[in-house]
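Here's a quick briefing to read with the model open in your viewer. Start with the core, then move on to the helices and pockets.

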Amino acid sequence: MSNCTVSDLIALGEGFTTEFKRSLPSDLGREICAFANATGGVILIGVDDAGTITGVPDHNRLKSQVQSVARSADPPVAVEVESEGEVLRVTVPEQHGKPYSFGGRFFIREGATCQQLSRDEIREFFFQEGLIRLDETPCNVFDPTVEITPVRWAEFAEQAGIDPGLNPLTVLENLHLVKDARMTHAGAWLLADDITRFTLQAGVTCAVFRGNSKTHILDRKEFHGNLYAIYQEVMAYFQAKLNSALIPNAQGREERLELPESALREALVNAIAHRDYRSTANVQVYIFQDRVEIVTPGGLPAGMREEDLGSRSVPRNPLLFSMLYRMRLVEQIGSGIRRIHDACREHGVAEPAIDVSPDWVTVTFPRPVEAATPHVTPHETPHVTPHVRRLIVVFQGEMSRVEIMQALGLKDRQHFARTYLQPGLDAGLVEMTRPDRPRSRTQGYRLTALGRQVRDSLPKNGDP
């Protein structure tokens with residue numbers, strides 16, 4: 001726009017970046033403010049609405065007045081004022097101190113007009129520009145004295161590398177998860193038993209589809225514990241639903257997932273860390289016959305461009321991101337995309353495609369060709385975590401939830417369900433005795449044929 005002559009600008013007409021004024025307007029401050037809050041623009045003083053040059057006298061005096069008005073904005077706006085014939089050209093470059101106000105009010109450019117922002121629009125603008133971080137705002141419905149049980153604190157302390165004997169509120173204040181005696185949203189997301197109680201759409205939805213479209217759903221799970229638990233559960237879901245093979249090596253055989261776990265883990269953590277938690281959508285993981293998609297709501301954060309992916313990081317939720325880094329879920333900052341591509345190359349599979357839109361970021365992993373015709377050999381077994389191994393070893397026929405917990409020496413029902421029972425169900429090793437009534441008071445559990453086979457294959461001596 002700066003290279004256009006006055007004649008070119010007049011020929012283009014008024015629009016999002018151009019405004020005509022017959023004389024110095026009384027509302028010049030709001031016009032400058034509106035352009036500053038958008039992408040910049042040009043105001044031609046001495047041109048009427050029809051695009052006719054009328055001219056203005058005494059340019060030196062007008063230039064001084066324009067600069068005075070621009071400096072009166074909050075913060076001051078840097079403008080360029082030039083004479084081009086009879087016309088005074090006021091250029092408002094794209095600014096980097098948004099938002100700008102004039103006379104205590106905020107304005108934005110909409111089409112060819114200047115509009116004042118409402119309170120809600122101002123708040124949304126602040127979020128859009130990354131000036132308010134939801135993860136740092138108080139979560140008033142989270143009462144630390146009620147929500148942070150001794151068991152939950154011990155889990156969090158272990159995950160974050162904290163001495164569990166320290167005072168929880170003091171530690172959380174030092175980590176900036178508690179501010180002014182109120183829990184932040186980042187703290188609530190990391191310490192909740194059910195994250196949806198505090199941010200409705202903060203969970204993760206996983207689904208498996210038949211074929212390559214969403215026509216037929218084979219399986220669907222909603223994960224909504226705390227963010228660390230959600231991460232673990234989704235990774236277990238990948239283990240249960242994707243193919244794996246036993247690869248010979250010098251030590252014997254290694255079980256390897258069809259897609260690199262490190263790449264899936266990185267993409268999942270990126271989705272959890274960088275999503276827009278104000279969105280009414282949640283993170284979605286879709287497993288199709290030919291691909292795996294991880295869909296993050298919110299698009300790229302303010303200040304981040306698509307070409308920046310893989311080279312720099314602009315966290316939308318910096319407080320949450322810093323905690324995930326402390327919890328060793330995030331590694332070197334700004335290198336996640338590069339590590340995903342490196343892991344896929346080392347694994348011998350196609351690198352993922354990344355699709356960016358204003359509202360979504362989708363990472364698509366093509367599945368290996370053999371995934372289209374999944375097969376299981378007698379030597380293959382599902383991935384079994386140490387917790388699930390302990391679970392299947394203690395089974396004796398049909399058992400209730402209480403009986404299983406007693407056999408494992410556990411007391412926390414939610415920890416048991418999240419870490420032991422649900423992964424066992426997802427892996428097809430454990431089944432309900434009353435699957436038609438999953439919440440029945442008389443619900444029991446037993447090993448499946450596969451579960452018994454896996455149990456029989458485990459070492460007989462020592463802890464499995």
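Leaving aside its neighbours within four places in sequence, which residues is Phe238 in contact with? They are Leu257, Leu264, Val285, Ile287, Val292 and Ile294. Bear in mind that this is a predicted model.

**Overall build**

- The chain has 16 helices and 20 strands.
- Of its 464 residues, 49% are buried.
- Take the contacts in the chain with a separation of 6 or more: 62% of them come from residues 24 or more positions apart.

**The nonpolar core**

- The largest nonpolar core takes in 68 residues.
- Phe238 shows up here too: along with Phe156 and Phe365, it has the most contacts inside that core.

- Helix H2 spans residues 28–37, and nine of its 10 residues are buried, so H2 is largely enclosed by the rest of the structure.
- Over in helix H13 (386–394), the buried residues are Val388, Leu391, Ile392 and Val394.
- Those four cover an arc of only 165° around the axis, which puts them on the same side of H13.
- What do the buried residues of H13 pack against? Their helix partners are H14 (401–408), H15 and H16 (449–457), and their strand partners are S18 (399–400), S19 (430–432) and S20 (444–447).

- Thr362 sits in strand S17, residues 360–366.
- Is Thr362 buried or exposed? Its relative accessibility is 14%, so Thr362 counts as buried.
- Thr296 is 66 residues away from Thr362 in sequence, yet the C-alpha to C-alpha separation is 6.2 Å.
- Setting aside neighbours within four places in sequence, Thr362 has contacts with Glu293, Ile294 and Val295, and also with Ala353, Ile354 and Asp355.
- Ile294 is worth a click, as it's in contact with Thr362 and with Phe238.

**Largest pocket**

- The volume of the largest pocket comes to about 900 Å³.
- Its lining has 23 residues, and those nearest the centre are His224, Arg401, Ala417, Gln422 and Arg439.
- Strand S11 (216–223), helix H9 (227–241) and helix H15 (413–426) are the elements that give two or more residues to this lining.
- Which element gives the most to the lining of the largest pocket? That's H15, with eight residues.
- By type, the lining of the largest pocket splits into 12 charged, seven nonpolar and four polar residues.

**Second largest pocket**

- The second largest pocket holds about 700 Å³ of space.
- This one is lined by 23 residues, with Tyr228, Gln232, Thr385, His387 and Thr419 nearest its centre.
- At least two lining residues come from each of H6 (150–160), H9, H10 (261–274), H13 and H15.
- Here H9 gives the most, with eight residues.
- The lining of the second largest pocket divides into eight nonpolar, eight polar and seven charged residues.

- H15 ties several topics together: it lines the largest pocket, it lines the second largest pocket, and the buried residues of H13 pack against it.

Terms used. Residues numbered from 1 in each chain as written. Predicted model: local features only at pLDDT ≥ 70, side-chain atom pairs only at ≥ 80, totals over all residues. Heavy atoms only, no water. 1 Å grid on protein atoms, 1.4 Å probe; cavity = no way out; pocket = protein on both sides within 12 Å on 5 of 7 lines; lining within 4 Å. Points joined across faces, edges and corners; volume = space filled by probe spheres on them. Nonpolar A, V, L, I, M, F, W, Y, C, P; charged D, E, K, R; others polar. Buried < 20%, exposed > 50% of the residue type's maximum accessible area, 1.4 Å probe, protein only. Arc of directions from axis to C-beta. Contact = heavy atoms within 4.5 Å. Core = buried A, V, L, I, M, F, W, Y, C linked by side-chain atoms within 4.5 Å.
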